[in-house]
Amino acid sequence: HFEYSIKELGEWFDEVISQYRKWADFQFQWQNLRQQSIKNLNFPFAYRDGQKELITYVYQTIYHKRKLFIEAPTGVGKTISTLFPAVKSMGEGRGQKIFYLTAKTITRTVADDAIELMRQKGLKLKSVILTAKDKICFMEETECNPEFCPYAKGHFDRINDAIYDLLTHVDNFNRETIEKYAGKHKVCPFEMCLDMSLFADTVICDYNYLFDPHVYLKRFFSEGIRGEYIFLIDEAHNLVDRGREMYSAVLKKEDFLALKRAVRDYDGKMYRQLERCNRELLDLKRECENYRCLDDVEAAPFVRALVRLSTIMDDYLEEHEESPVRKEVLEFYFEVSHFLLISDKLDSNYVIYTQMESDGGFSIKLFCVNPSKNLRECMMKGRSSILFSATLLPIQYYKQLLGAEEGDYEVYAHSVFDPRKKGLFIASDVTSKYTRRSDMEYYNIAAYIYKIANQREGNYMLFFPSHVFLQNVYQAFYQHFLDTSRMDCILQEEYMDEESREAFLTRFEKKTEAGNEKAGTLLGFCVLGGIFSEGIDLKNDSLIGAVIVGTGLPQVCNEREILKSFFESQGDNGFDYAYKYPGMNKVLQAAGRVIRTVDDIGIVALLDERFLTAPYIRMFPREWETYERVSLEQIEKRVERFWDEWL
């Protein structure tokens with residue numbers, strides 16, 4: 001029981017209000033400054049062909065509160081063409097915050113550069129790049145416990161001063177700036193990063209901050225909240241698989257057994273419930289030879305046992321802070337919680353299946369085959385969504401899986417590049433089909449590579465359906481064609497860390513450290529759909545050719561077969577949805593590495609006769625209208641003629 005005088009309470013209240021007023025005044029003044037600067041902002045470039053129309057489409061979509069799907073070939077300038085109209089809309093009160101969402105770090109940098117460019121033209125805009133906790137954490141081990149981390153200890157006492165300091169001195173809250181100010185004020189850089197999103201006009205981040213059911217930004221996207229947010233979704237073709245991943249859940253029988261052994265001496269109740277879950281899985285395992293789709297009724301006993309286990313684990317974690325098995329229990333508790341969260345979402349877009357794993361294990365999976373409903377619900381948390389990619393073909397397939405509704409728009413942006421500067425050659429006499437794989441076929445593909453690369457010195461990337469296929473062609477090339485005096489080969493390894501990736505890409509730079517031109521020919525043997533087939537930007541002479549072997553079809557596996565059956569049952573072409581469209585996307589992405597600027601000249605060779613069939617030709621983008629059908633006998637002459645025209 002405390003007693004205060006009116007005077008004391010008045011003083012306390014005035015102090016609280018004056019603290020708050022400092023922030024309110026800043027926000028008010030900043031808002032006015034920002035809106036005025038947006039009114040005066042002009043597009044920072046001369047408009048390229050078709051760019052003005054694209055900007056108008058984006059602006060209209062935001063105005064009408066809809067979604068827009070943009071197929072935008074390289075060079076259209078899709079980042080600036082979506083950010084500029086989004087900023088202009090914000091200036092007119094149609095949008096309070098822009099979220100630029102992407103699957104890759106490199107595209108975040110491109111968005112950051114585009115905003116910086118507009119700042120140079122007078123724009124006042126605060127932006128933040130959200131960096132993953134394990135990347136930005138100052139500590140060796142990421143443990144957010146005040147006892148272990150000096151930045152977590154007293155964080156909340158210091159964070160307001162840190163935010164205000166950064167807010168009043170800098171407009172671009174990128175990783176380096178956050179780290180600098182977090183270090184200065186001794187606060188957690190990750191938490192500071194998230195807090196800065198409250199004050200930023202534009203948030204640049206990974207897809208999962210909007211879409212992932214665990215990671216999404218609760219401060220903006222909690223249940224029942226809809227904000228005046230504009231979502232710009234880059235490389236949107238990636239969102240189909242990422243969506244499936246985020247809204248699916250899997251549990252392995254072996255993990256139940258492992259935890260059962262670990263907790264045996266610590267908690268009998270949990271031990272018995274783990275045994276019960278294991279028994280339910282054993283019953284399902286007996287019915288399963290390779291994989292087996294279940295209905296809700298068959299999965300229900302296991303899910304009920306799991307709910308009970310979750311409650312027991314929850315109680316244990318609350319009551320046993322110092323338990324020697326706490327870490328193992330906590331990790332598995334998160335997996336169980338995710339599984340139960342996804343089981344609440346189950347509907348006709350899901351397939352439940354059990355599977356015998358290649359290592360002898362057994363798993364049960366809630367597989368989100370069609371993520372459109374979940375993605376759509378997330379996008380409804382904002383005003384408008386613009387989804388764009390250089391490869392969004394066929395557009396109806398992507399619209400269907402990315403949550404389009406009636407009345408949403410689609411647009412095919414015109415390519416600004418001269419199509420004649422890209423030589424597109426399609427081989428009529430080789431293929432990567434399983435039935436045709438042989439030493440002779442590998443030899444012929446190696447011969448194609450040699451004849452193409454031999455016509456002009458420079459850097460080439462060669463894309464193969466798998467590491468095994470890559471090795472087979474490389475062996476044939478090495479034995480029969482490698483001219484070591486003029487050619488150098490580097491191979492993508494199965495597992496490459498950040499450093500080895502960087503080293504691989506550095507080889508493609510055309511200048512030495514001394515600034516001299518690199519001579520000779522470099523052949524990069526890569527895997528189609530891997531780390532080097534999208535998201536890398538090798539401009540000018542850094543890459544003058546891409547050779548793509550095969551149609552990119554994903555390998556046949558249980559999950560792909562489930563996708564195929566599911567879409568067939570919906571009346572769609574199951575093979576196209578499960579195999580052909582995802583494969584063609586990989587091909588288009590790899591081909592897109594070659595022509596990156598208006599000045600680029602280069603070659604794309606598709607080494608698979610299947611590309612010459614009508615179903616594939618129908619999927620070609622508009623800028624592939626002119627292509628040359630070639631054979632091993634003709635390729636040398638045709639490539640030579642192409643280079644003679646341009647050099």
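A residue is called buried when its relative accessible area is under 20%, exposed when that area is over 50%, and partly exposed in between. Lys373, at 34% relative accessibility, therefore counts as partly exposed. These terms are used throughout this report on a predicted model.

## Overall form

The chain contains 24 helices and 19 strands. Its radius of gyration is 28 Å, close to the 26 Å that the globule rule gives for 647 residues, so the chain is as compact as a globular protein of that length. Along the principal axes, the C-alpha atoms fill a box of roughly 95 × 70 × 50 Å. Of the 647 residues, 53% are buried.

Helix α8, residues 189–199, is mostly covered, with nine of its eleven residues buried. Among them are Phe190, Met192, Leu194 and Phe199, and also Asp195.

## Salt bridges

Side chains of opposite charge can pair when their charged atoms come close. The structure holds 38 salt bridges.

| Salt bridge | N to O distance |
|---|---|
| Glu11 and Lys7 | 2.9 Å |
| Lys373 and Glu377 | 3.4 Å |
| Lys580 and Asp576 | 3.4 Å |

Glu11 and Lys7 both belong to helix α1 and are four residues apart, about one turn of the helix. Lys7 is exposed, at 60% relative accessibility, while Glu11 is partly exposed, with a relative accessible area of 45%.

Lys373 and Glu377 lie in helix α16, residues 372–379; because they are four residues apart, about one helical turn separates them. Glu377 counts as partly exposed at 38% relative accessibility.

Lys580 and Asp576 sit in helix α22, residues 574–591, again with a spacing of four residues, about one turn of the helix. Both Lys580 and Asp576 are buried.

Glu406 is found in the loop between α17 (395–401) and β12 (409–412). Glu406 counts as exposed, since its relative accessibility is 79%. Although Glu406 and Arg66 are 340 residues apart along the chain, 9.6 Å separates their C-alpha atoms.

## Surface patches

A negative surface patch is formed by Glu147, Asp314, Asp315, Glu318, Glu319, Glu321 and Glu322. One of these residues, Glu319, is in helix α14, which spans residues 296–319. Glu319 has 60% relative accessibility and so counts as exposed.

Trp12, Phe13, Val16 and Ile17 make a nonpolar surface patch of about 420 Å². Phe13 is placed in helix α1, residues 6–39, and counts as partly exposed at 47% relative accessibility.

## Backbone details

A cis peptide bond, with omega of about -10°, joins Leu393 and Pro394. Pro394 is located in the loop between β11 (384–389) and α17.

Lys186 is not a glycine, yet it has a positive phi of about 55°. This lysine, Lys186, lies in the loop between α7 (175–185) and α8. With 40% relative accessibility, Lys186 counts as partly exposed.

Glu235, also a residue other than glycine, has a positive phi near 45°. Its place is the loop between β6 (229–233) and α11 (239–246). Glu235 counts as buried, at 11% relative accessibility.

Key:
Residues numbered from 1 in each chain as written. Predicted model: local features only at pLDDT ≥ 70, side-chain atom pairs only at ≥ 80, totals over all residues. Heavy atoms only, no water. Patch = residues over 30% accessible without salt bridge, like charges linked within 9 Å, V, L, I, M, F, W, Y side chains within 5 Å. Areas by Shrake-Rupley, 256 points an atom, 1.4 Å probe, with all protein chains shown as cover. Salt bridge = Lys/Arg side-chain N within 4 Å of Asp/Glu carboxyl O. Lys, Arg positive; Asp, Glu negative; His and termini not counted. Charge placed at Lys NZ, Arg CZ, Asp CG, Glu CD. Helix = DSSP H or I, 4+ residues; strand = E, 2+ residues; numbered from the N terminus. Buried < 20%, exposed > 50% of the residue type's maximum accessible area, 1.4 Å probe, protein only. Rg over C-alpha atoms; globule rule 2.2 N^0.38 Å.
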